[in-house]
Amino acid sequence: MPDSVLPVFSQSYEEARDKFLLLSKEHGAYSRSYKHPSACTPNGAPLMLETAWIGPRDAKNVMVMVSGTHGPEAYTGAAIQLNWLNGHKGFPSPSMAMLLIHGVNPYGWAHSSRTTEHNVDLNRNFVDSYPSDTSSQLTEQVQALLCSSSPKGPRFKTIFIGLIRLLLNVGITKVVNEISNGQYTHAKGIGYGGDSAEWANLTMRAVLDEHLKQADNVTIIDWHTGIGRYGEPYFLCFDEPFSEEYQRARSCWGAAIDKSNAGYSSGQRPDYQGLLINAARDIAQGFGAKTTTAVIEFGTYANLKMLKGLLIDRWLRYHADEENLQIAAKLQTQMLRLFYPEDERWRASVLQHSETIIAQSLAVLNTDDAS
Ligand SMILES: [Zn+2]
């Protein structure tokens, strides 16, 4: 019995990849595969980042959809990509195309970790420099707390009591920012942005360099899960409010993008560093394109529960061994389900909303064609 009657949702990286390759081929896509140079799946199979370009190769108005920046979140982004392919009957204009980037962090996906093979949060890795020698006292305190572990798992109670103490001292905004912004000093910590560009980062850049040179208008969505109301989309637009890009995002997806801050405990969006979406935007703009970009999350559970997911992810990487195999397997499933609920209603809601969002995006690109 499959875990879902919604067949676009997969149960493994391999299953999702096979479906993507098959359906892309059926659509006559221009496909590229990028093999990870050193890492493999847990079964020893290659790790691949796949792309599919649907539409004329010289299309000027291009939509890009990225899945899998954070490993287990890939299942949902990939399902959205497959669902779009399933329903695609052609574009309203010959100058439109879709670029699907499937499993941008295939290591994280196949190994059920949010991070890359180097414990790097790929969505903090797209920075110009990696400040590995400057660490604030708050970073030291927070990382020491978040890494509190026992052979049975993260020490949740110690961590949460410690965090409450800290936020009473320095305020919730500083603490949430510290956990979320990304850090470049604690390679085995949480939110580590790396000390150089990850393979996934370089590959993503190469994909965009190859496909977007001719583009005049580019709309990019990086699909994620874990922030927002259960099963509902949550828009994170990183362009400056009132900028041309922001206005374009607003005309595309409506006032929902103005609520970018509501999903955070502090009521304020952290000042994230090294985001993939911003790097993708800059590449498209470098080719002279006008851009409309957003990270779109689908909400799963409350912020505190999701923090537990990050702690489990780190613990599994550094503390799971032969002695605690059963505990590790249980925690692994718990973590996966925090980012990928095994719930038909949640999945159906995701697909329904994504169809609307993609239709809005393509409609605006089509208008760009006319202007
Ligand atoms: Zn994410």
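User: Which strands does helix α1 (residues 13-26) lie across?

Analyst: Helix α1 lies across β1, β2 and β4 (96-102), and runs at about 30° to β2. First, the labels. Helices (H or I, at least four residues) and strands (E, at least two) are DSSP runs, numbered from the N terminus. Angles run from 0 to 180 degrees between N-to-C directions, and axes are lines fitted to C-alpha atoms, for helices over the stretch in contact. Two residues are in contact if their C-beta atoms, placed from the backbone, lie within 7 Å. Residues are numbered from 1 along each chain as its sequence is written. This is a predicted model: local features need pLDDT of at least 70, side-chain atom pairs count only at pLDDT 80 or more, and totals for chains, interfaces and linings use all residues.

User: In what order do the seven strands of the open sheet come?

Analyst: Start with the general idea. Strands of a sheet pair through backbone hydrogen bonds, either parallel or antiparallel. Here two strands pair if DSSP finds at least two bridges between them. The seven strands follow the order β1-β2-β4-β3-β7-β9-β8, and their pairing is mixed. From one strand to the next, the twist averages 20°.

User: Which pairs run antiparallel, and how many bridges join β2 to β4?

Analyst: β2 and β4 are antiparallel and joined by five bridges. Thr51 stands opposite Ile101 of β4 there. On to β1: this strand pairs with β2 (residues 46-54) in the antiparallel sense, over seven bridges. Look for Arg32, whose bridge partner in β2 is Thr51.

User: In what sense does β3 pair with β4?

Analyst: In the parallel sense, over six bridges. Met63 faces Met98 in β4. β3 also pairs with strand β7 (residues 217-230) in the parallel sense, over seven bridges. There, the bridge partner of Met63 is Thr219.

User: What kind of β-α-β unit do β3, helix α2 (residues 74-87) and β4 make?

Analyst: Point the strands away from you. A crossover is right-handed if the path from the first strand over the helix to the second then runs clockwise. β3, α2 and β4 make a right-handed unit.

User: How many residues of β3 (residues 61-67) are buried?

Analyst: Count neighbours. A residue is buried if 20 or more other C-beta atoms lie within 10 Å of its own, exposed if 12 or fewer, and partly exposed in between, with C-beta atoms placed from the backbone. In β3, seven of the seven residues are buried, so the rest of the structure largely encloses this strand. Asn61, Met63, Met65 and Ser67 point one way, while Val62, Val64 and Val66 point the other. β4 is also largely enclosed, because seven of its seven residues are buried. One side of β4 has Met96, Met98, Leu100 and His102, and the other has Ala97, Leu99 and Ile101.

User: At what angle do helix α4 (residues 137-146) and helix α5 (residues 156-170) cross?

Analyst: At roughly 160°, with axes that come within 9 Å. Angles under 35 degrees count as roughly parallel, over 145 as roughly antiparallel, 65 to 115 as roughly perpendicular and the rest as oblique. So α4 and α5 are roughly antiparallel to each other. Handedness comes next. A crossing is left-handed if the near helix is turned anticlockwise from the far one by less than a right angle, and right-handed if clockwise. α4 passes α5 in a left-handed crossing. The contact uses Leu138, Gln141, Leu145 and Leu146 of α4, and Ile159, Gly162, Leu163, Leu166 and Val170 of α5.

User: What covers the buried residues of helix α6?

Analyst: The cover includes α4 and α5. In α6 (residues 172-180), the buried residues are Val175, Val176, Glu178, Ile179 and Ser180. Gly182 follows α6, with a positive phi near 110°.

User: How many residues of helix α9 (residues 276-286) are buried?

Analyst: Eight of eleven, leaving α9 mostly covered. Among the buried ones are Leu276, Ala280 and Ile283. The buried residues of α9 pack against β3, α7, β7 and β9 (290-299). After α9 comes Gly288, whose phi is positive, near 90°.
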